[in-house]
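Here is a friendly briefing to read alongside the structure below. Have the viewer open as you go through the points.

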Amino acid sequence: MPATTTPRTSCEWISRTRDRLQENVKKQLPSEEILDHPLKPLVVTMSETRIVKLRTVGGSTTSSTRSSTPTPTQSSLAYSMDPLGALEGSDPLSQLANQQKMDPLSAMAAESWVEPVEGKRGKENVTASAGMDDGFQESWASRKAGILCKFTTSEKLSIVTSFLSGGEKVVVKAQSSVVDKVRTRLEQLDDFEEGSVRQMLDLSQQEYMGRIEQLNSELVQAWHQDQRVKALKIAIQCSKLLVDTSVIQFYPSKFVLISDILDIFGKLVYERLRTKSDYCAPGSKVPTPLPENFTPDMVPESAKETCRNWFYKIASIRELVPRLYVEMAILKSYSFLTSGEFSQGLLRLTRMIRGIGDPLVAVYARCYLCRVGLSINSSDRVYLRENFYDFLSIYNQLFSPSVRMDLTFQKVDLSTYLTLYTPALDYILQSVAHDATEKTLADILDRCKQKCNSALLFNTIMAAFKPAYIAARATQFVELLTSCDEEGFPKYLLFRTLGLCLTLADPPTEYCLQILNDVWKIVSKLTDPAQYICCAEVWVQYVAKHLSTREVNTFLGDIIKHMSVGRAYESHYSSLQTVMERVLSHANDFETLLTMDKFLPMLDIFQKESVKVDVCKSIMSHYTKHYQYQTTNDPVITNALMFICRVMHDSVNALTVEDEKRQIGNLICNFVKRVDFGRDFEQQLSFYVEARASFTNLDVIHAQLVQSVNRLAVDTRCIVKGHHTRKTASFVHACAAYCYITIPSISSVLMKLELYLLSGQVALLNQCLGQADACLKAALSLIADVPKIIEIDGKQKSSEPYIVSYICNFLSTLLIVPDSPEQGVLYLTRGLLNVIQNYSWDPQSAGRATVYLYVLDMLSTAAQESYPYHIDMVDSNDVLYGSDPKFIAELNRMCSVVVEEILSHLQYLGKNELFSKQSSLALDLLIRIATKADLSKPDLATLALNLWNLSQKHGCLDVKLAVRTTEYLKKKFSGCNQEYYAEFISRLKIKSQVK
Amino acid sequence: MAIQLDIKLKKHNKVYWEGENVSGVLAILSPTDFKHDGIALLLDGTVNLQLSAKNVGIFEAFYNSVKPIHLVTSSIDLAVPGRIPAGATDIPFEFPLKPRSGRSLYETYHGVFVSVQYHVKAELKRSFLNKDLSKSQEFIVEYKAGLPGLITAKPEPVNFKISPESLQNIKDKAKVPRFLVTGHLDSATCCLTKPLTGELVIERCEVAIKSVELQLVRVETCGCAEGYARDATEVQNIQIGEGNVACGLSIPIHMVFPRLFTCPTLITNNFKVEFEVNIVIVFQDNHLVTENFPIRLTRF
């Protein structure tokens, strides 16, 4: 019958007093002392000679190895300071990211052409194991992108070919040098077929590249359709394009595009020959394709014949440049005919290139030859040097009147023209210089010195040889470069390259300053800010690395002076940023850096907001990285950093993205944490006040400030050991006030709640009762504002679990908060009850009832004679009221109200047939009543019994749980010999589940 | 699908020496079986002579030297009349390569007025309602090493020096720009299988050079002492210098002799095949200077 089984909706609560001490003893679990933090990663550390196997933390994995005694020199030291911090640093993902940063290829690709030296260092790491050839092949691949980016044009280009549709037909007269007797000469591969030639004029660079790409696919297609002669013809026509040096500034890019096609062609020929030549391994009859490392005598005669045909065909190409290029492209296929004749062939081709009159065309042909030669993996390297010497012997041609005439015609200045040589020349010389000895450098340097206008050569030498060699001769190079003629290769590039070498390798220490002075005498005369910053960007690293802060300061001053002329800095922000970045990364003493009088002026040069913020960010992140656990109290540094942080902070506005805000917030928080005035708490607080005034926009910073101030208050208490003097009392009052007025400016409700509670607790700790009350009251008024849905780790979640746990925490605090004399009994708790009452709980969930159960817990504890915990020097209600009957009655009344609320919720659950929830809630309440209420009162006992029945009513209660509950209660009551307990227990019957 | 005939020679490069056996198979591919009246195979080597247009007429009147010279002919019957089954049928054959009496074998050469060619021809006779089928396959004859009377290449360098003074047939010497080109060919007697090599240096030149080229020329002579037709035509033209070649730098002369279109220099009673190399220097204004070098080609 519902009428009898449903418990009444009201009852009189009488709290029971308990023996707390005894209970606590019973509650305690066996504990064990541990030495290590369980979250600390298992680090294998090599102590000098031994690795000792130890029981690991928590005994979870016994097989891993740790060193027995962490000594300060070991790597685990960094972690041991902050156990949670241990998780950073060894994070495998970030480690991976770091490794990727080191990836030499992507690093090289990102670099522009003028910085080959920087890439070289990374490359050498790789090639050390992979061997030189792979390294260079790879390096070419990454160079290509650089060349294509750098050498561009807006001029119109033209293509003459017979393999593309479109364009206008032209009649190309075969260049015949001999009086035509009878047209009976060999059918020539490189002659255009009559009528098929089309000339495409006025192509933009983009269109041109498209056409080349089209030719490329045309070639591959022709090849796969077995039209090999057509494919060859396309290859020839492509290489013919390399003769044409009109639109000269595009030539290097053109070379890259076309050499790609030739590479493909060469590979097609080679692969075809290899797959065609079936090879019978000795002793077996089954033909198999040739293995990768075959020797010529394994190649069958038919394949050799095909191969020979290719070379005969190519040898009959009329024009020199196409013939050379196509032969170079298929050079690798010589391995089907003979082995070990590559070095001869390479030398022959080296000589034949001399026939190319245009020095630019020739140098790129040499570059291609070196590239092909290296890919063939011939151990012979003589041809590389020959190629460079051949270039040297025609070096004067670069400055010949005919070249100059062509340049004036094309409106290209000499220095631009010379930079066109760098990619090819650098590649050639780098292949020569790889693994070369210092003697080679000396030889080559001597030869180059004899040439006039040798700036281009010096630049290449510096870029090619090991920086260590260059650095050892730094003073010599400075002299050479200084004496270079003004005309020709741009000087700033020379010094830039030298700078790159010197940052990678150290020049003799005694000359460091002198070198800089000599170089800067010239560089500071540069009037073009672009050229100037180009050098400064590189040399700043040299200065930062080799010289003292004083020189860095002077250097920055010079940069400011140069870049301020006509607001030149506006167009060079990225370079200036690099300057800052380099100064920062080499600064081993941040404090002196910040105290330099040119540092902040340098910062002022970044007038564009976004750039400035970026720079500030990098300064701050360097700062936090370098000074992980150090603090500062130097006013100059603090002011400087404050200024920098303010710049970052002021950049935040409504449009700033969340991530940016987080970044800036973290950086500023880090700064706030680093500032420490030691025992001068007043000044510390005033710093926090200043910080609050400066950083008004970001929640995190406010939160950090509140935390810091709370900590300050707690520190104060520690120092006075709880006995506040008048002065310290007023100081902690100030702290509490600071918190109280700072928290409202935070926008996140959850953060505010946490901080109010924390501040309240701290205030309480410091005996600031009024402030504590105020904080807690503020928190109470906020609970209603908590949004229903909150975002945790990017997922939408209900806020209820959070609220419940927050209220629990709050209740624990409330227990010890003494009642204010002006307010009624348990004023704050009543307030909380009102909040719970009015909070719009989700009716389906157990949130409200759970909270009420906890309130019951708290109230029943409040009724005890002495509370389980206290705050030193703060008298809680147990002392204030001394278990006054009126107070107890008040508590009981509140309990009754709460129980009523729970009962009505039970009813609600019953109505909505949520029986399992109803059953568990009933059981929970039963246990509360049984353990915390006075069961001698028949009302309560009946209520408890009813609840017991209710919980079993719908068969939702697990029998095992029921059994254990009764056992638990039996055990609980076993201590006291009251008969009503026994009776109560006896009345708890477990219904067998009949259904 | 019709019946297909194919002659497959055993040697991939199809190069044979005198005295060797030319062997291979006649491959017949037919969708159905068919009757035939016999299959004959003919080995044939001839020198074809032709008079160039400008000479025809003068010589034809009193000379008859233009009819082909047969160097070798032999024939075998590969099969007596009968049936060939459907599918692929391979009939092997073998000829000894022996010249006709009083003749000797020359190397294969494809020229303009003179050519030396060797063929294996197969003829499949069928009843008069069907057309006879035939197939011809060329093979290449080369001299064998150690043949008596063969000249072998040896280095005999030819130095040259080209300057305005050395030029012939110029009308106005004053118009010729000042220049000096020196160099050498490694040998005037060249082995066919090795490239022609040498060096060339533009010592000085007043005007820009457009191109430096190497021209291979064949000189073919038909007829004999009483009257003959001599014609020089270009075999190939190889560029060795492109654009304004740097002065004082030695440029390699390098030319691979094309196969088939060259042969060892050949001098017989009725015809001659000889070769020359021209070094051609083309100036920017398209004027050109040519220096001629007769060369002797050898097999070894």
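In this predicted model, helix α37 (residues 769-783) and helix α39 (residues 827-838) of chain A have axes that come within 9 Å and cross at roughly 10°. Angles under 35 degrees count as roughly parallel, so α37(A) and α39(A) are roughly parallel to each other.

**The α37/α39 pair in chain A**

- On the α37(A) side, the contact is made by A:L776, A:K777, A:L780 and A:I783.
- On the α39(A) side, the partners are A:L828, A:G831, A:L832 and A:V835.
- Sorted by class, the contact of α37(A) with α39(A) has six nonpolar residues, one polar and one charged.

**The α33/α34 pair in chain A**

- Helix α33 (residues 681-694) and helix α34 (residues 699-720) of chain A have axes that come within 10 Å, with a crossing angle of roughly 165°.
- Since angles over 145 degrees count as roughly antiparallel, α33(A) and α34(A) are therefore roughly antiparallel to each other.
- The crossing of α33(A) past α34(A) is left-handed.
- From α33(A), the residues that meet α34(A) are A:F681, A:Q684, A:L685, A:Y688, A:A691 and A:R692.
- From α34(A), A:L705, A:S708, A:V709, A:L712 and A:T716 complete the contact.
- Seven nonpolar, three polar and one charged residues make up the contact of α33(A) with α34(A).

**A closer look at A:A922**

- You will find A:A922 in helix α43 (residues 915-932) of chain A.
- Is A:A922 buried or exposed? A residue counts as buried when 20 or more other C-beta atoms lie within 10 Å of its own, and A:A922 is buried because it has 27 of them within that distance.
- Leaving aside residues up to four places away in sequence, A:A922 touches A:L906, A:L947, A:L950 and A:S951.
- One of these, A:S951, is 29 residues from A:A922 in sequence, yet their C-alpha atoms are 5.4 Å apart in space.

**Chain A as a whole**

- Chain A has 46 helices and seven strands.
- Of its 995 residues, 37% are buried.
- Taking contacts in chain A between residues at least 6 apart in sequence, 73% join residues at least 24 apart.

**Chain B as a whole**

- Chain B has one helix and 21 strands.
- Buried residues account for 29% of its 300 residues.
- Among contacts in chain B between residues at least 6 apart in sequence, 71% link residues at least 24 apart.

**Strand pairing in chain B**

- Strand β1 (residues 4-9) and strand β3 (residues 21-30) of chain B run antiparallel and are joined by six bridges.
- Within this pairing, B:L9 has B:G24 in β3(B) as its bridge partner.
- β3(B) also pairs with strand β8 (residues 87-96) of chain B, in the antiparallel sense and over 10 bridges.
- There, B:G24 has B:F93 in β8(B) as its bridge partner.

**Where the chains meet**

- How many residues of chain B are in contact with chain A? There are 33, and they contact 30 residues of chain A.
- On the chain B side, β16 (209-224), β17 (227-242), β18 (250-255) and β20 (271-283) each supply at least two residues.
- β17(B) gives the most to this side, with 10 residues.
- The side of chain B that touches chain A divides into 18 nonpolar, 11 polar and four charged residues.

Technical notes: Residues numbered from 1 in each chain as written. Chains lettered and ligands numbered in written order. Predicted model: local features only at pLDDT ≥ 70, side-chain atom pairs only at ≥ 80, totals over all residues. Helix = DSSP H or I, 4+ residues; strand = E, 2+ residues; numbered from the N terminus. Buried ≥ 20, exposed ≤ 12 C-beta atoms within 10 Å, placed from the backbone. Contact = placed C-beta atoms within 7 Å. Axes fitted to C-alpha atoms, helices over the stretch in contact; angles between N-to-C directions. Parallel < 35°, antiparallel > 145°, perpendicular 65-115°, else oblique. Left-handed = near helix turned anticlockwise from the far one by under 90°. Nonpolar A, V, L, I, M, F, W, Y, C, P; charged D, E, K, R; others polar. Pairing = 2+ DSSP bridges.
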